[in-house]
Amino acid sequence: MNILFVTPRLPYPPLKGDQLRAFYIIKHLHKRGHKISLLSFIENERERAWRQKLLEYCEVVETVLLPRWKSYLNMIFGLFSIIPFQVKFYYSREMFDAVRDMSAKNSCDVVHFIFSRMMSYAKVVERIPVVMDHVDAYSMNMERKFNRERGFRKAISYYEWKRMKRYERSNHSLFNYSVVASRIDREYLNNERIEIIPNGVDLERFAPARRGKDIDLIFTGNMGYFPNKDAVLYFCQEIFPLILERRPESTFYIVGTDPSHKIRKLADGKNIFVTGYVNDMKDYLNRSLVSICPIKAGSGIQNKVLEAMANVVPIVATSYAIGGISADNGKEVFIADKPEEFAENVLKLLGDKKLRERLSLNGRRLVEQEYSWDVSAVKFEDVYNMAQKAFIEAGTRLAKRDLQKRGHLIFR
């Protein structure tokens with residue numbers, strides 16, 4: 001099958017959620033014999049250097065330059081528009097032209113769009129089945145952000161949430177089939193033609209290694225992403241002090257790219273450490289006793305949870321963080337939404353090696369069985385087939401309607 005992927009960010013290096021999902025699905029579909037073309041935005045010319053890596057899995061890699069300043073200008077011009085800021089940020093006339101040309105010229109069997117921000121570009125695809133991979137329900141993400149914000153930012157979040165919800169629902173008819181990463185996201189979007197395909201984890205890369213454990217607690221992820229920033233601040237303000245009261249020597253590492261000034265200020269060189277970007281997240285996971293995921297916003301599946309499970313690191317998380325993962329409280333993870341309960345579970349794990357081993361081995365077994373990228377790639381093949389069937393059915397209905405209309409005009 002010839003598949004055209006259209007992504008908002010170049011899916012290499014796979015640092016952020018949508019990049020990671022796109023990269024591994026492309027890689028595993030290529031392994032299964034499909035021919036992949038990729039069309040993606042880039043922010044600067046330096047990003048073009050990553051094309052060579054992607055050409056290992058893609059027949060064609062084309063990019064559209066959209067500098068950050070132009071995206072911000074798009075948002076300013078869209079201040080009073082009904083179009084969400086997230087969508088305006090990725091607006092480009094050149095991308096519309098590129099989608100039209102590549103979908104027409106590359107003998108595509110299906111066009112696969114990644115992320116709700118790219119929905120508008122499906123309007124220019126003609127005579128080809130289209131799949132929309134929302135990854136998660138972004139409007140739900142915005143609603144949860146609204147619930148966590150304060151003051152002026154809360155008002156902006158409310159405005160964006162309502163616009164995004166309207167946008168997702170008014171454009172779903174552009175696609176023959178849609179995909180999300182979890183059941184909660186599907187229920188929120190409330191569209192009958194949505195399949196659930198969870199994220200996977202690279203089981204070879206994220207594998208346990210025997211080494212000393214010199215980190216007590218770790219949080220991993222893109223620290224430029226609001227739900228991650230919010231989670232770390234919540235943990236440091238409301239949970240970690242409870243842990244330090246009973247275990248004052250505890251260390252907490254915040255590991256991930258783009259930490260803000262506010263996050264960097266948390267580092268004290270004694271209990272809290274902020275690394276910023278690291279070359280390999282698994283090295284830090286292998287040094288850690290417990291992974292924490294106190295997410296209070298966001299949506300979809302938390303890759304950080306799957307990666308910790310794969311690395312045989314026990315996890316304490318909120319129900320939001322586990323929402324898209326079929327893990328049981330007390331078996332593969334500890335789930336806690338109240339600060340006191342969260343702290344208690346962390347202390348329990350830090351003090352009991354056998355409990356850590358039991359929880360983490362169960363977690364590894366779960367991701368091996370249910371969260372493999374190979375399994376996800378097979379599920380996408382099924383979705384492509386369903387999209388082609390829906391496309392043919394839609395064409396047949398339109399043809400019948402057109403014939404009926406013509407007959408009505410002739411015999412009127």
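What is the order of the strands in the open sheet of six? I traced E10-E9-E8-E11-E12-E13, with parallel pairing; strands here are DSSP runs of at least two E residues, helices runs of at least four H or I residues, both numbered from the N terminus. Two strands count as paired if DSSP finds at least two bridges between them. The edges are E10 (272-276) and E13, each pairing on one side only.

A note on the source: this is a predicted model, with residues numbered from 1 along each chain as its sequence is written. Local features need pLDDT of at least 70, side-chain atom pairs count only at pLDDT 80 or more, totals for chains, interfaces and linings use all residues, and side-chain values use heavy atoms, leaving out hydrogens and water.

E12 and E13 run parallel and are joined by two bridges, and I found alanine 317 opposite isoleucine 335 in E13.

Then I turned to helix H15 (residues 353-370). Buried residues (under 20% relative accessible area, 1.4 Å probe, protein chains only) of H15 include Leu355, Arg356, Asn362 and Arg364.

Conventions:
Buried means under 20% relative accessible area, exposed over 50%, partly exposed in between (1.4 Å probe, protein chains only).
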